[in-house]
Amino acid sequence: MKNTLSRTWLSVVLSTATLLPLISQAQPTAVSVKPRLETPPLFDDTAGGDADADDPAIWLHPTRPAKSLIVATKKNAGLSVYDLQAREVQAIPAPPGSTAAPGRFNNVDLVYNFGLNSQKVDLAVVSDRGSDKLKVYKIDPSQASQPLTDITIANPPFIFSRNQAQVDDQRTAYGIATYRDRLTGKTYAFVSQRERTKVAQLELLDAGQGKVSYRKIRELVLPSRFTLPNGKTWIPCNDPGDLPQVEGMVVDEETKQLYMGQEDVGIWKVSLARFGQNSPVLIDRVREYGVPYTYDQAEEECIYNYNADPGFGSRYLQADVEGLTIYYAAGNRGYLLVSSQGNNTFAIYDRRSTINRYLGSFGLVNASRVDGVQESDGAAVLNVPLGSSFPFGLLVTQDGDNKPDVPGSDGEPRPNTNFKYTPWQSVANAFPRKLSVTPFGWNPRTGYKP
């Protein structure tokens, strides 16, 4: 679909980004929270099947909450489905793809009550970075050992690429957030593009014979350079030729806002009703925003000169901005949780206020039997009671540096990731001013209770 953005629109975005108030660089203290459970380790090497934990989603069982599941991506290794005891119940390999670009499951989100063959079904929708397509799985509550079944049409369309050669370049589908409009019954997926600033809106469609397809509706392009309050132009640091991409995204189903984490920039918010037609708002920026840097070609990394920090960035976020998720509390209240990967914390913002006021940060630290969380990618939170294990809700987070180390055949530690489970009340009660714990205020199937 042709990009409908104008130069005027882009200049407004840049102005919006530069008019935010300046923030002191004194770093707030993050409270410490201990996770309770963890999934088995995943190893990103040949012996481990190239499994690399990335993004989780919490699926609520329709009648037996204690039987709810975690659906999680493992990149080249596909998907794993875990129960509430963090045990794997199903493993789904990624499709083979091409020689240059094998299947690679990046992010996952859920859809409840999708209309398929005159029935209502739940879906897990996955961005396949390797093929630049979506994969769609039906979740069957009656199947304990194989709950997910692939129901994607045989030849779904590319999302950002025109041909296989472009797919092989891997500027393809990356992050994903789903949304079902309860008024119209239509279901959408918002998908970001790897190494670019584009986000596409897709509509999921009943393709007949029990299969699901999709079509692109419109696109939005976020800026890749910014005019700072001091008049200078700042371009976020990336590998040569790359632009600051979006991965973590979440839709606030009640306020109908899409939040997008542009990894090296900050958090954007845009109305669903005018997606691609109006200016997103940059509600917070990473600490590195506006900081001078050099790019180390040998190490392929950005070296920031914090001594020359002009003070335009955030106190709360340190690049990369990663997983975004929403805790819905009673009375239309609740929180936006954001993974601040650079300092191993999660920042919390008020989801209802116009400016999304910052409320605090927490880190997941070592417990007696479960290690803490570092360099977290994806995260998911759910407020509803999930049986006796998590009666006040659950937070699931990816751990990018799982411990203990496991040596490989060369004696070096193997790349080791997994997912951590944390009771929501452990997060809420860790703050001096406690956060809401409202397990009956919201349900992802029905929304707020009357």
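I am working with a predicted model, where local features need pLDDT of at least 70, side-chain atom pairs count only at pLDDT 80 or more, and totals for chains, interfaces and linings use all residues. Residues are numbered from 1 along each chain as its sequence is written, and side-chain values use heavy atoms, with hydrogens and water left out.

**Salt bridges.** I searched the whole structure and found 20 salt bridges (a side-chain nitrogen of Lys or Arg within 4 Å of a carboxyl oxygen of Asp or Glu). I looked up Lys420 and Asp371, whose side chains meet at 3.1 Å, N to O. Lys420 lies in strand β30 (residues 416-423) and Asp371 in the loop between β27 and β28 (379-382), so this bridge ties together parts 49 residues apart in sequence. Strands here are DSSP runs of E, at least two residues, numbered from the N terminus. Lys420 is buried, at 0% relative accessible area, and Asp371 is buried too, at 9%. Buried means under 20% relative accessible area, exposed over 50% and partly exposed in between, with a 1.4 Å probe and protein chains only. Shared partners join Glu38, Asp371, Asp399 and Lys420 into one network.

**Aromatic rings.** I then counted 18 aromatic pairs (ring centres of Phe, Tyr or Trp, its six-membered ring, within 6.5 Å; planes under 30 degrees apart are stacked, over 60 edge-to-face, the rest tilted). Phe346 and Phe362 are stacked because their ring centres are 5.2 Å apart and their planes at 15°. Both of these residues, Phe346 and Phe362, are buried.

Note on methods: Helix = DSSP H or I, 4+ residues; strand = E, 2+ residues; numbered from the N terminus.
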